[in-house]
Amino acid sequence: MATETPTTEAADGVSTGSRGVWFAQARAFTDRSLREVRNSGLMLAWVIAFPAITYLLRVTQGTETSAAADASVAIGTGVLGAMFVSLFLFGSQLATDLEDRRYAAYRSMPISPSAELTGRMAAGLVLAAGSFAVTIVVAVATGAAFGLRGPASVPVVLLAGVATCLFWMVVAVPFVVVAGNKRVASMATTLVAVMAFVLTGLNGVVPAQSPIDGPALNYLPNTLATRLLVAHLVPAENWTELGVSPPQLPTEPAFLALLTGYTLIAVVAGSVLVTRTLYDRGWWT
Amino acid sequence: MDVTEPVATADGVSKSFGDDGVLEAVDLTVEAGELLVLMGPNGVGKSVLLSCLAGSQRPSAGDVEVFGEPATARADTTSFLLQDALALEKLTGRENVNFYRRLHPQFTDAWRDHVARLGIADDLDRPVADYSGGMVRKLELAIAASIDVPLYLFDEPTAALDLATIPTVHELFREKRAAGKTLVVASHRPMNADVADRLAFLAGGRIVATGAPEELLASVPPVLETRAANASALAAVADSEPFAVAGNVRAVVPREYGGAADDPERLLANLAAETGIDRADLSIVEPTYTALFNYYTNGVPTTNGQ
């Protein structure tokens with residue numbers, strides 16, 4: 001049977017080449033996700049303020065600590081904020097689409113699942129960066145001291161931040177798919193973020209508070225990234241005095257490679273999950 | 001495209017969710033350039049059948065082809081309006097349009113005309129959360145109709161719309177058809193039969209009748225009408241549940257009285273005697289689309305199944 005190729009009269013400002021379409025679709029999801037948060041003042045305030053408030057509660061109720069120790073705690077709490085955005089916000093937007101049967105509509109459209117995932121993740125990264133930055137600003141304003149170790153710290157810090165967000169956004173996907181319900185998915189993902197934070201000693205910045213063996217804190221996705229950030233953003237020499245060591249901070253290149261591996265695995269797993277479970281297509285598109 | 005070839009076919013399509021069967025061996029052909037209205041009561045599986053045609057759901061059994069390929073194989077030939085599934089309530093109407101404009105490579109600027117004609121152009125900068133159900137429907141219809149594809153699948157496009165808007169929606173459908181597009185419109189509102197080239201009735205998980213509206217209308221037996229107060233008495237003899245029309249209730253003449261249809265006076269007298277309804281309160285009226293809808297979807301056996 002002959003197949004009609006539809007005539008396309010593209011709307012203004014939207015590219016029609018396959019690469020242009022992919023970018024337009026990714027941008028559609030980024031823009032939509034950011035606007036949804038912006039249009040909901042309460043959600044925006046909660047996402048931005050939650051880690052900063054958590055940090056303030058910690059430093060104002062604890063014993064007197066050094067500026068470097070406060071900076072470490074701020075980084076651990078800022079990473080919690082990034083995890084919260086990645087798990088809760090990313091997950092709840094995904095769950096809303098699932099619950100509202102929007103994927104039935106998406107599946108009938110020529111949407112690239114990878115464009116969707118990229119677009120959603122880009123929005124998550126922007127919001128997570130904002131949440132982390134607000135926590136750091138609040139920490140600086142209340143006396144914490146930060147400082148880059150050197151120019152090489154910039155890519156490490158960026159990698160650690162991006163890796164944290166991508167990993168936890170992918171973790172949100174199976175929770176959303178299994179729950180199939182926005183409320184349950186939101187509760188579950190929030191619980192995961194808080195449990196990971198608490199059980200790993202504020203994401204690995206206070207190992208003494210974690211029931212997990214010290215060396216393991218350099219290998220878990222959340223603690224590895226956080227401890228890399230601490231190593232490159234906190235101007236301290238004696239980590240034991242700060243309570244961050246033992247274990248020794250993961251500054252060797254092998255740890256960077258491990259974090260990069262986590263990120264790649266997360267991206268591949270996320271793409272497969274979205275393509276298979278939400279779009280009901282092959283393993284990869 | 002060869003216009004003699006069907007645009008879409010459902011061949012023995014069954015769909016179940018767990019133990020709940022929704023569709024049972026449905027056969028349906030959609031011809032090129034036609035406006036097919038798929039009618040049936042709420043919950044009968046119209047949306048599921050449209051989802052299978054759109055490629056967004058796989059049937060549990062059977063095959064669905066669109067333009068000669070499995071419906072799930074490509075997604076650039078259909079625009080699927082699924083009830084209350086497109087609009088994002090945290091965005092404004094305009095932000096919704098922009099989202100789908102970027103999302104679908106065949107989205108056109110026709111949305112400007114559609115929102116104006118549907119009367120929501122002035123509401124585009126309001127959050128969709130503040131829209132009424134009818135306004136959401138209009139926005140979703142404007143979005144789905146702005147995608148330039150050869151096959152449109154519209155699920156309950158007139159649900160929640162005020163009566164004054166429905167002619168505008170029908171006009172939009174006719175324009176699409178005049179432009180060579182094919183439309184499948186699922187609806188539980190009999191008034192949408194008026195715009196169809198062909199009707200298909202879905203009941204009990206199967207297509208129970210298909211045909212041109214006038215042909216199917218001619219197949220409906222005479223219709224009895226009486227006051228609403230007599231609904232229970234009428235229900236006692238009717239083959240299916242009576243339906244309300246303009247303050248009265250109606251039901252098709254029971255099959256056991258079919259032979260007496262040529263003699264209306266005797267038929268009415270017999271029915272009055274059996275039901276206890278005053279003869280003066282009983283009359284026979286011409287079948288309408290509402291009667292047609294009820295005849296084929298409300299307990300009447302298959303008479304013209306495809």
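Helices (H or I, at least four residues) and strands (E, at least two) are taken here as DSSP runs, numbered from the N terminus. The structure is a predicted model, in which local features need pLDDT of at least 70 and side-chain atom pairs count only at pLDDT 80 or more, while totals for chains, interfaces and linings use all residues. Residues are numbered from 1 along each chain as its sequence is written, chains are lettered from A and ligands numbered from 1 in the order in which they are written, and side-chain values use heavy atoms, with hydrogens and water left out.

Chain B contains nine helices and 14 strands. Its radius of gyration, taken over C-alpha atoms, is 21 Å, close to the 19 Å that the globule rule (2.2 Å times the number of residues to the power 0.38) gives for 306 residues, so chain B is as compact as a globular protein of that length. Along the principal axes, the C-alpha atoms of chain B fill a box of roughly 65 × 45 × 40 Å. Of the 306 residues in chain B, 56% are buried, where buried means under 20% relative accessible area, exposed over 50% and partly exposed in between, with a 1.4 Å probe and protein chains only. When contacts (heavy atoms within 4.5 Å) in chain B between residues at least 6 apart in sequence are considered, 68% join residues at least 24 apart. The accessible surface of chain B, from the Shrake-Rupley method with a 1.4 Å probe, comes to about 11500 Å², and 46% of this belongs to carbon and sulfur atoms.

Grid points are joined across faces, edges and corners, and a volume is the space filled by probe spheres set on the points. The largest pocket has a volume of about 340 Å³. Its lining comprises 19 residues, and those nearest the centre are T96(A), D100(A), R102(A), A87(B) and E89(B). Two or more lining residues of this pocket come from each of helix 1 (18-39) and helix 3 of chain A and helix 4 (133-145) of chain B, with helix 3 of chain A giving the most, at four residues. The pocket lining is made up of six nonpolar, three polar and ten charged residues, where Ala, Val, Leu, Ile, Met, Phe, Trp, Tyr, Cys and Pro count as nonpolar, Asp, Glu, Lys and Arg as charged, and the others, Gly among them, as polar.

V162(A) itself is placed in helix 6 (residues 153-179) of chain A and counts as partly exposed at 34% relative accessibility.

Several features of the backbone were also identified. In chain A, the peptide bond from P246(A) to P247(A) is cis, with omega near 0°, and P247(A) is situated in the loop between helix 10 (239-242) and helix 11 (253-278). In chain B, F67(B) has a positive phi of about 50° although it is not a glycine; this residue lies in the loop between strand 4 (61-66) and strand 5 (69-70) and is buried, with a relative accessible area of 0%. A160(B), likewise a residue other than glycine, has a positive phi near 70°, and its place is in the loop between strand 7 (151-155) and helix 5 (166-178) of chain B. A160(B) is exposed, with a relative accessible area of 55%.

Two further residues of chain B illustrate its contacts. F154(B), in strand 7, is buried at a relative accessible area of 1%. Leaving aside neighbours within four places in sequence, the contacts of F154(B) include L50(B), L81(B), L141(B), F173(B) and V185(B). T92(B) lies in the loop between strand 6 (78-81) and helix 2 (93-103) of chain B and is buried, with a relative accessible area of 13%. With neighbours within four places again left aside, T92(B) is in contact with N39(A) as well as with L124(B), D125(B), R126(B), P127(B) and V128(B).

Key. On a 1 Å grid over the protein atoms alone, a cavity is a set of points where a 1.4 Å probe fits but cannot get out, and a pocket is an open set with protein on both sides within 12 Å along at least five of seven lines; lining residues have an atom within 4 Å of a point.
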